[in-house]
Amino acid sequence: MKIGIDKIGFYAPDLYVDMRELASARGIEPDKFTIGIGQEKMAIAPITQDTVTLAANAALNILDDSDKKKIDLVIFGTESGIDQSKSAAVYVHELLGLDSAARAFEIKQACYGATAGIQMAKGHIALNPDSKVLVLASDIARYGLNSPGESTQGAGAVAIVMSANPRILALEDKSAYFTSDIMDFWRPAYSDTAFVDGKFSNEQYSLFFETVWKQYRSKSGLGFEDFEALCFHVPYTKMGLKALKPVLEVEAKEMDQQRLLENYQKSIQYNKVVGNIYTGSLYLSLLSLLEHKEGLKEGSRIGLFSYGSGAVGEFFTGIVQPEYQNQLKIAQHVDQLSVRKKISIEEYETLFVEELPIDGSTVKLAIENDSAPICLSGISDNKRQYINKQR
Ligand code: COA
């Protein structure tokens, strides 16, 4: 039985910062951000969007009534969740009106969480072929104003419906994974911004890619010539390339290098203008490839490299399905990104430090300024209040 991705959608908040303007404000040569790091725009979440609403908005764009009835498992991957106890999946389950005969929970391993969710969903569907699973990857990446990682922030979510006989990508069974206890990036419970050892993190990411690729190659007997494209977890769009190029140069023929490097560019178009969405980055990259590479042939193999600091890495693969183009919402995504509002660096700095009350007081938020259908409308009695404007 084929199992894999039947639908995929994303949502990014309707505000962004231009990376050239951010560079100028920080006294940095703009080419460092646009060329050296590979980012053009960075999505900024207003206070009315959190990881719950971003994920719910991403899912709203792809689910129909039949999905809502058949989804019996909701897995939410995030590393910027809103509650230490209750899962974001339960809020989204309610906001989308899913059937109550469902499991719903949150999963965490830095940017690897959604991949763990996808593999878990695959096992669930193997045992329950009629079921559908909603996997959500949602994050707001925050490193801090004026910090070295500031240019690799962002906000957004990817929603994936997994099923048997998927219409986009059938996942293959061979997969290679690797875990090692390292401190390259982490966020203690007391901090709302991440700590990162940038140089070390880049080195480990590349090492993890090389390790899982070699492991995969020996498990599967496949090589770069068997892949149409490779998608990477991309906190910034140069990062995947830095891991891929040295391995390609040693192992791949010229024509395979050329194809994989060209398709890498197709796979980062959305990431360049959204920024870092942590857990969802790899899947935004997959979506970018599917929506920017014209006419991927049925049966093409795509490799996916997932990396979650701390760290866990995995390389797994999927086969493009004949109907995949009918399942995409390219016009909706282009429109969503083009109507966003650019904000100044001063406005971004104000939004960055805006906080919700932590003393139990009530606050009502100005949801009329947020174009998203699902918003955080306030806090009352230490409880987040959400609204789906379409209901
Ligand atoms: N024009 C073009 N490129 C320029 C440039 C300019 N004017 N100035 C610098 N660059 C290039 C550098 O050469 C470098 O490219 P290279 O990596 O190909 O050598 C790149 O821009 C970054 O410069 P660097 O000096 O390494 O940046 P930094 O020390 O300020 O680090 C980050 C910034 C974002 C790269 C680093 O903090 C980082 O990697 N953070 C995130 C890591 C992460 O997300 N880890 C967790 C999950 S994987």
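Predicted model: local features only at pLDDT ≥ 70, side-chain atom pairs only at ≥ 80, totals over all residues.
A salt bridge is a side-chain nitrogen of Lys or Arg within 4 Å of a carboxyl oxygen of Asp or Glu.

**Stop 1: R142 and D192**

Select R142 and D192 and display their side chains. They meet in a salt bridge, with 3.1 Å from N to O. The two side chains are also joined by a polar contact of 3.1 Å. Side chains of opposite charge can pair when their charged atoms come close.

Where does R142 lie? Its place is the loop between strand 6 and strand 7. Next, show the surroundings of R142. Apart from neighbours within four places in sequence, R142 is in contact with Q153, D192, T193, A194, Y278 and F352. For a contrast in position, select E294, which is 152 residues from R142 along the chain. The C-alpha atoms of R142 and E294 are separated by 34 Å.

**Stop 2: the two domains**

Colour the chain by domain. The domain assignment gives domain 1 as residues 3-167 together with 328-388, and domain 2 as residues 170-325. The C-alpha centres of the two domains lie 20 Å apart.

Now select the residues at which the domains touch. On the side of domain 1, 56 residues are in contact with 48 residues of domain 2. Between them the domains bury about 4200 Å², and 58% of this area is on carbon and sulfur atoms. Highlight C111, Y143 and L328: they supply 16% of the area that domain 1 buries against domain 2, more than any other three residues.

**Stop 3: across the interface**

How many salt bridges are counted between domain 1 and domain 2? The count is 3. Polar contacts may be displayed as well, and 30 residue pairs are in polar contact across this interface.

Turn next to the elements on the side of domain 1 that touches domain 2. Those giving two or more residues are strand 1 (3-11), helix 2 (30-37), strand 3 (41-44), helix 6 (113-127), strand 6 (132-141), strand 7 (154-164) and helix 12 (330-338). The largest share, 7 residues, comes from strand 7. If this side of domain 1 is coloured by class, it shows 28 nonpolar, 19 polar and 9 charged residues.

**Stop 4: another salt bridge**

The count for the structure comes to 19 salt bridges. One of them can be found by selecting R26 and E150, whose side chains meet at 2.7 Å, N to O. R26 lies in the loop between helix 1 (19-25) and helix 2, and E150 in the loop between strand 6 and strand 7, so this pair ties together parts that are 124 residues apart in sequence.

**Stop 5: an aromatic pair**

The structure holds 22 aromatic pairs. Select F208 and Y307 to view one of them, which is edge-to-face, with 5.2 Å from centre to centre and 85° between the planes. Because F208 belongs to helix 7 (residues 198-220) and Y307 to strand 12 (residues 301-308), the pair ties together parts that are 99 residues apart in sequence.

**Stop 6: two details of the backbone**

Hide the side chains and select G310 and A311. Is the peptide bond between G310 and A311 cis or trans? It is cis, with omega near 5°. A311 lies in the loop between strand 12 and strand 13 (312-320).

Finally, select A110, in the loop between strand 5 (103-107) and helix 6. A110 has a positive phi of about 45°, although it is not a glycine.

Conventions. Residues numbered from 1 in each chain as written. Heavy atoms only, no water. Domains from an automatic or database assignment. Contact = heavy atoms within 4.5 Å. Buried area = accessible area lost by both parts, 1.4 Å probe. Polar contact = N/O pair within 3.5 Å; in protein donor to acceptor, adjacent residues only side chain to side chain. Helix = DSSP H or I, 4+ residues; strand = E, 2+ residues; numbered from the N terminus. Nonpolar A, V, L, I, M, F, W, Y, C, P; charged D, E, K, R; others polar. Phe/Tyr/Trp six-rings, centres within 6.5 Å; stacked < 30°, edge-to-face > 60°.
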